[in-house]
Amino acid sequence: MTGGYDVVIVGGGHNGLVCAAYLGRAGRRVLVVEAAPRVGGCAASAEFAPGFTVSAGAHILHMLHPKVARDLDLAGHGLRYAVTDMPTVALDPAGNHLVFKGALTADASLAAHSTSDADNLAALRRRLMRFAEVIRGFQGTVPPRLGTADWSDRLGLGKIAWRFRRLGRDDMREFLRIAMINIADVLDDELESDLLKGAIGLDAILGTELGPRSPNSAFSLLYRLAGQANGTPGALALPEGGMGAVTGAMAAAAEAAGVELRTDAAVGRILVENDRAAGVELRSGEIVRAAAVVSNADPKTTFLTLLGAEHLDTGFVRRIANIRARGTVAKLHLALDGRPDFTGLDAAYLGGRLLIAPSLDYVERAFNPCKYGEYSPAPAIEITIPSITDRTLAPEGKHVLSAVVQYAPYELKGGWDAARDAFADKIVETISEYAPGLAQRIVARELLTPVDIESRFGVFGGHWHHGELAPDQLLMMRPVPGAGQYDTPLPGLYLCGAGTHPGGGVIGAAGMNAAGRLIRCENKR
Amino acid sequence: MMPEPYEAQVLRTPFHSRTAALCRANDWTNWAGYTTVNVFTKVEKEYFAIRNAAAVFDLSPMVKYAITGPDAARYLNKLLTRDINKLRPGRVGYAIWCNDDGMVIDDGTVFRMTDNEFRLYSQERHLPWLLDTAIGYQVSVADISETVAGLALQGPTSCAVLKSLGLDGVENLEPYAMNEFDLDGHALGVSRTGFTGDLGYELWIDPSAAEHLWDRLMEAGRLHGIQPMGSAALDMARIEAGFIAANVEFFAGDLATRPDRLRSPFELSLGWLVDFGKGHFVGRRALLRERKAGSRYALVGLDIDGNKPAVDSFIYRGKGTKVGIVTSAMWSPSAKRNIAIASLRIPYDQPGHALWADIYLRRELKWDRIPAPCRVTDKRFFNPPRRWATPAADR
């Protein structure tokens, strides 16, 4: 038995590490237990073939909360960027690729696709960025509870109302108009280029179980635009060494704050004594006692597997069981023996984010089979070749390609074992239409389906956001009412993962907010 | 002839052919989708059969769940507020269950057949709640309402009737015990339970043998004053016994649309059914908070001056502060008192408050308002020793 900790944190993903670091800095004695051999969770770098390293889960840093980076001095703990203003390229089957210098900011290449879209896009961008700004303002705070007499809840609700009110009459109306509708309708109203609309539509549905014509997909885009890289809203960055560099710096910050990290230490269950979380039992049988437990695991795993429904009320269990968390994303990693060539693409943009989403129809068609438990035969894809800008990832002259691929339903008819290779072939085929000769350059490949993501990272349903990011599962509704402020119905048990506000993406705000909430609640005891 | 689907608004119980033949008042009511008798002949006659002889009531529409599996007892300990481990096989227990806020969803009876096999009988349907409570447990929950026909046989001669029916040893059945007997080759479940506060039994049988049971029972009870009774007479007996009724004393927590109208176990004066020592159960944390902060209401018996039933009356104190409402009221023929069950705001359930019931009475186009002084009293207005005696009186 190990004991004497103030807090034990289940899972060393980025939020678990951030939470640990904040708690350590507040003087708490903290232990982080991580099932994998290395910390990082879905924000980790992994060598998938000898000499070839890639970001195993998330592969672009575009949401890291600036307060987290500043408070924990991530730069001081070794976080370096390979690039902080990564361009985006919407690949055109005809070779007239469309280049974005920033979020919703196309360059002169747009002229080949439309004469009026440059102005239309600028107007749309200004509007959407104002709305995204409202959402960004909520990320760093604990969401208020509804229907309580607590003054801090009322103040929190007042702040949300005030941020919204500040938009002014016309913007408030426009925000309400688009908040729950689909991105295809919004884009069809404003723009004419299919390639432009396809690229923006893809951003709206990345990581979700939505197509561009699904309700809430416009909101999903706003959520993404609320991110920022290195202080620039909507910007994209690549950390040097892959995403593991981010969590590496977070782990270093945590250790500097006195936090103990243990890897290869999978938690079997959360211990309960006298109706209070009392520590964890590792799968090895070892007991680790602590005054409080924070779970970085997703809500379903935390409550239904690690804690057990027996400690929870039925209404709460029902809400947890009903969380929408069916993964739809596959991750493909390719080791290449040389630089791939994309037809018509200037080599200067090869280090950018390359999108295969030539039209809204293309993305929607890719979504159709997913609804019925089949993968997309012509998937929508977000590609990075991080070795172009970061030479630490592959041997000299060789490269790694990392692709986020939609759609790959968690519950595939017939199961993934029978389909994994065929789907990987389809993805390579699809990319090869833009990069002929790619297949001949592949020396190794790895496909992570949602089922693989679930088993490798311990995420229920392989959903990398721990649950859909839609208004029914956001703010005080995330993950469910009754656990929307990081504390849970079981005293002493807290959540800090992507399943809580403000959700998925490498933000770190959930870990930061959870630490603050824990300190406040435990001080009241 | 089967009715056309659009005409079939109510179902018939397995005893329908027999009850319909005897229902001379033609007074029917809809109970959980079944048409059941409210009054057979005269409510007073049926009531006095309960208290002085034996009365038969068709309770087939009762909702029944079979709960089985290795985790059945653990599951019920999560669902219910009482400790099910204290209920031995062969015993029946009264139980309530709550929602997350510690508000009562329903009450019912739990039958423990074996270690891992239970029945839960209740007034309202709760399958979604029962199934969601089963998440994480190795247990099967099935609605078996239509596979069990039930009769209540209540009254001082009820044991004698069952003896005449040939149920040897039934007099030794203790209150809240159950046993299985053979009735002409049919398995007959008998539990010493009921809703009248009197000596009485409930009989459970396969629907195909229902009419046979009814006929044999009526024949066996002929010399014991047996009568069929409808729900009107049963309701009188249950008020005298001080039993609460769903949708009268409380509203089912998963069906009510106004959350502030619900009642906790403490507010129904059922705190004795809440076992905080047994581990977690649904609503436990909310009930602990309530125990610390105090409850809003108490459910009490009232003894009211005069003889006019205080149906739906407000209860006032002093010069006219409203402190509660009457949920059930009647003139009690057995207790010879004007009684009521009332939900009072705490602390007006305690002695020392001058309470009065505001009774409105319409007599031949004239409303009279009768402010009747009343006193809080034990709500078991009628609780005869014969209800508890074992062996039960069998003659």
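**Close-up views of a predicted model**

**View 1. The contact between domain 1 and domain 3 of chain A.** In this predicted model, 22 residues of domain 1 of chain A are in contact with 22 residues of domain 3 of chain A. On the side of domain 1 of chain A that touches domain 3 of chain A, strands β3 (45-49) and β4 (52-55) of chain A each supply at least two residues, and β4(A) gives the most, with 4 residues. Sorted by class, that side of domain 1 of chain A has 8 nonpolar, 10 polar and 4 charged residues.

**View 2. The largest nonpolar core.** This core has 179 residues, and those with the most contacts inside it are A:L222, A:M250 and A:V294. Helix α9 of chain A, residues 244-256, gives the most to this core, contributing 8 residues. Apart from this core lies another, of 114 residues, which includes B:Y121, B:L268, B:V326 and B:A340. In soluble globular proteins, nonpolar side chains tend to be buried together.

**View 3. The surroundings of A:V294.** When neighbours within four places in sequence are left aside, A:V294 is in contact with A:V7, A:I9, A:V10 and A:C19, and also with A:Y494, A:C496, A:A514 and A:L518. A:V294 is also among the residues with the most contacts inside the largest nonpolar core.

Methods
Residues numbered from 1 in each chain as written. Chains lettered and ligands numbered in written order. Predicted model: local features only at pLDDT ≥ 70, side-chain atom pairs only at ≥ 80, totals over all residues. Contact = placed C-beta atoms within 7 Å. Nonpolar A, V, L, I, M, F, W, Y, C, P; charged D, E, K, R; others polar. Core = buried A, V, L, I, M, F, W, Y, C linked by C-beta atoms within 7 Å. Buried ≥ 20, exposed ≤ 12 C-beta atoms within 10 Å, placed from the backbone.
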